[in-house]
Amino acid sequence: MEFEEKPEGSGSLVGENQLDLGEKHQANGKPGASGKAKLSARQEAYAKCDLPRKSLNRYTWQEIQRHNQKTDQWLVINRKVYDVTGWADRHPGGRQVLMHYAGEDATLLSYKKKITNRSVQNEDVFRAMHPDPDIVRLYLKPLLIGELAPEEPNQERNKNSRLVEDFQELRRTLETLNMFNANLGFFFLHLAQILILEALAWGLSSKWWNNWHFQHHVKTNIYPKDPDIDIRPLFVIGDLQAVEYGKNRIKFFDYEKQHLIFCLVSPFVTPVYFNLGSILEMCPRRHWEDIAWAISFYIRYFITFGPFYGIFGTMVLIYLVKILESPWIAYVTQMSHISMKISKEENRDWFSSQVLATCNVEHSFFNDWFTGHVNFQIEHHLFPTMPRHNFHKVAPLVKSLCAKHGLPYVKKPMLKAFGDILRALKKYGALWKEAYCTHPEI
């Protein structure tokens, strides 16, 4: 086997990688397609500050391969030896990736330079995972501990050097053909596809949602017109409903503990309550369009995940995701109304009826983004067609108008708003219990 002949002079960290890309690099002597491209200024700067060769220890492959443990990781990049043990936990790709290459060659660039009719052969894993080698060199410098001994081959002896060379040539060809350049139009269409599929295959009936949600908006916290507060027999919400159930001795379970029940059932609001409501709306009423979209949701999941998890596994995945997201949805959707004024129809003006029945949650990036801006529920209810990104701009004006007319403008921290859900449910449960006990069965 022939070995690389080292040129005299500086032992560069990047070494043979700092090439004039116009040099002939093919075995048949044909010039590279990119012509006489010069080194970048950044590469030249690196070359000037490289360590001298005499300061580097030299190692054989046998020595390097012994450092392949979790607590002792060496690897080779372009004939330079690096100790990455202490840096592994900070590796952006995770420490396990480095562990997989400990004691092995993970060379940086997929170029080869013809030197006295012999080739410097480099592996491609590093190049494949690091598109900007110059940035990587900044991290490599302090990790450098030595280099391969001159008599050692460029790869471990069990590597097929010809195959490595051919693969590098293929990569160079593909780079010349711009096969690694992203097509933004393609990824834009991908994004559009994802958005369209999510919008069209939500799994719930849009007619059910519109019917439910529009009622809530126009009759907010009006009992029993607002479906958001009339979810009997699961919960009794509001003083009126609680007392009514208590007086009529209606007891599907002990409502005094309904605040605890809420915690237990919140994971099932989306997969059970919403889905059941959607099915009961679209099937009896024969909303064929909604039925088709709902079916498409499951078709998409089965096409995507069915080959990996099977039918049962895919169904488990669908409902596991819904169960995980459901508590957040339950708390976010209920935090602005349950603890506020709930009454019979009072025919109030629009502004006061919405403000009295609604509260806001404090403005912050997290609260805004992860609640979909429904933390500005007052503004959302006052201006349902307003783009949500403008709510925070309108809020000071709404607050000023409330102050002018002596109306409360309630704004809470998020955790307090979450806690108020449970406190309100506990209060309504206590009212039910009192009415139930004071009106004995006839």
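A: Two strands pair if DSSP finds at least two bridges between them. Strands (E, at least two residues) and helices (H or I, at least four) are DSSP runs, numbered from the N terminus. The model is predicted, so local features need pLDDT of at least 70 and side-chain atom pairs pLDDT 80 or more, while totals for chains, interfaces and linings use all residues. Residues are numbered from 1 along each chain as its sequence is written, and side-chain values use heavy atoms, leaving out hydrogens and water.

Let us look at the sheet. Five strands make up an open sheet, and reading across it gives the order β1-β7-β4-β3-β2. The pairing in this sheet is mixed. Its edges are β1 (57-59) and β2 (68-69). Each of these edge strands has a single partner, so one side of each is left without a neighbour in the sheet.

The next step takes us from β3 to β4 (residues 80-83). Four bridges join these strands, and they too run antiparallel. Strands β3 and β4 form a hairpin with two residues between the strands.

Moving on, β4 pairs with β7 (residues 144-148) over three bridges, in the antiparallel sense. Here Val81 faces its opposite number, Gly146 in β7. Strand β7 itself is mostly covered, as four of its five residues are buried (under 20% relative accessible area with a 1.4 Å probe, protein chains only; over 50% is exposed, in between is partly exposed).

Strands β1 and β7 are joined by three bridges and run parallel. Tyr59 stands opposite Leu148 in β7, which makes a handy pair to pick out. So the walk that began at the β2 edge ends at β1, the other strand with a single partner.

Gln334 belongs to helix α12, which spans residues 288-334. Is Gln334 buried or exposed? Its relative accessibility is 17%, so Gln334 counts as buried. Setting aside neighbours within four places in sequence, Gln334 is in contact with Asp228 and Ile421, where contact means heavy atoms within 4.5 Å.
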